[in-house]
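Here is a friendly walk through one structure, in questions and answers. Have the sequence and the 3D view ready, and let's begin.

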Amino acid sequence: MSRSGLFLSFEGIDGSGKSTQARLLADRLRGAGREVVLTREPGGSAGAEEIRALVLQGDPDRWSAETELLLFTAARRDHLERTIRPALEAGKIVICDRFADSTRMYQGLSRGDLRGKVDALHDLMIGVEPDLTLLIDMDPAIGLARAKARNTAEERFEDFGQPLQERMRAGFLELAKEFAPRFHVIDGARSPEAVAESIWATVSARLP
Ligand code: ADP
Ligand code: TYD
């Protein structure tokens, strides 16, 4: 894929502040005259948003981890074809609230070890990594309380409870080591403004 833009992703457990920080970063970049596409997963294109409702609503045991992996990958493929790739080819900055690292964690780790299948499917169908990934690290008890306070219908993963969030936090920190040059770990247990400053310091150093 020819890529003249910059591809940024936010990762972290539920309620860690990804959406808040993605929005603040998009505003700041736009203020600096950059063209930004702010998007999210699952979703970010019409088809992928339809899949979003299937995977985020309903009982935690609605899908097996394997079926979920296929659904998230289908959504990502559509998002990549219709939203991310065209924006990067047009030289824009893409900010994505979650991307493939979330699949490595939530489908790869949460219910048995499916990481091999996750990686194989990623190589086959996606094959793209962000240029920079901002991992917002956060105590799962605080994250889950924040996420639950939002009170939406999209709580399927939050309903797996705090033990899952604990595993996801540890897993994300491991992933940050595995993909060290791409990942930057940001302490999320501060005011939104302080977190945003750390993120800006990292991102502004990477701007073309
Ligand atoms: P995520 O996208 O990671 O789930 P959100 O950005 O939606 O997280 O934040 C979850 C909730 O916590 C929201 O109600 C948001 O307003 C609040 N929040 C976000 N960042 C902070 C922060 N640094 N301190 C306190 N509350 C925050
Ligand atoms: P999101 O809307 O970002 O939730 P939150 O704002 O609470 O962090 O994502 C919804 C859920 O989808 C989240 O619990 C993680 C899950 N998810 C996966 O399981 N696999 C994936 O590939 C992605 C992108 C998300």
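Predicted model: local features only at pLDDT ≥ 70, side-chain atom pairs only at ≥ 80, totals over all residues.

Q: Which residues come nearest to ligand 1?
A: Let's start with the make-up of the shell around ligand 1: 2 nonpolar, 6 polar and 5 charged residues. Of the 13 residues around this ligand, the ones that come nearest are Gly15, Lys18, Ser19, Thr20 and Arg190.

Q: Which helix gives the most residues to the shell around ligand 1?
A: Two helices each supply at least two residues of this shell, namely helix 6 (140-150) and helix 1 (18-31). With 3 residues, the one that gives the most is helix 1.

Q: How much of the accessible area of ligand 1 does the protein cover?
A: Look at the oxygen atoms of ligand 1 first. One lies 2.5 Å from a polar side-chain atom of Ser19, and a polar side-chain atom of Arg150 is 2.9 Å from an oxygen atom of the ligand. The backbone takes part too, with a polar atom of Ser16 at 3.2 Å from a ligand oxygen. Of the 560 Å² that ligand 1 has on its own, the protein covers 72%.

Q: Which residues are the closest to ligand 2?
A: The shell around ligand 2 has 8 charged, 5 nonpolar and 3 polar residues. Of the 16 residues that surround this ligand, the closest are Asp14, Arg98, Thr103, Gln107 and Arg150.

Q: How much of the accessible area of ligand 2 does the protein cover?
A: An N or O atom of the Arg52 side chain is 2.9 Å from an oxygen atom of ligand 2, and for the side chain of Arg98 the distance to a ligand oxygen is 2.8 Å. Gln107 places a polar side-chain atom 2.8 Å from a nitrogen atom of ligand 2. Of the 550 Å² that this ligand has on its own, the protein covers 94%.

Q: Which helix gives the most residues to the shell around ligand 2?
A: The space taken by ligand 2 is the largest pocket. Helix 2 (46-56), helix 3 (65-89) and helix 4 (100-109) are the elements that give two or more residues to the shell. With 4 residues, the one that gives the most is helix 4.

Q: Which peptide bond is cis, with omega near -10 degrees?
A: To find it, go to the loop between strand 2 (36-40) and helix 2, the place of Pro42. The cis bond is the one from Glu41 to Pro42.

Notes
Residues numbered from 1 in each chain as written. Chains lettered and ligands numbered in written order. Heavy atoms only, no water. Near = heavy atom within 4 Å. Polar contact = N/O pair within 3.5 Å; in protein donor to acceptor, adjacent residues only side chain to side chain. Areas by Shrake-Rupley, 256 points an atom, 1.4 Å probe, with all protein chains shown as cover. Nonpolar A, V, L, I, M, F, W, Y, C, P; charged D, E, K, R; others polar. 1 Å grid on protein atoms, 1.4 Å probe; cavity = no way out; pocket = protein on both sides within 12 Å on 5 of 7 lines; lining within 4 Å. Sits in = over half its atoms within 2 Å of the grid points.
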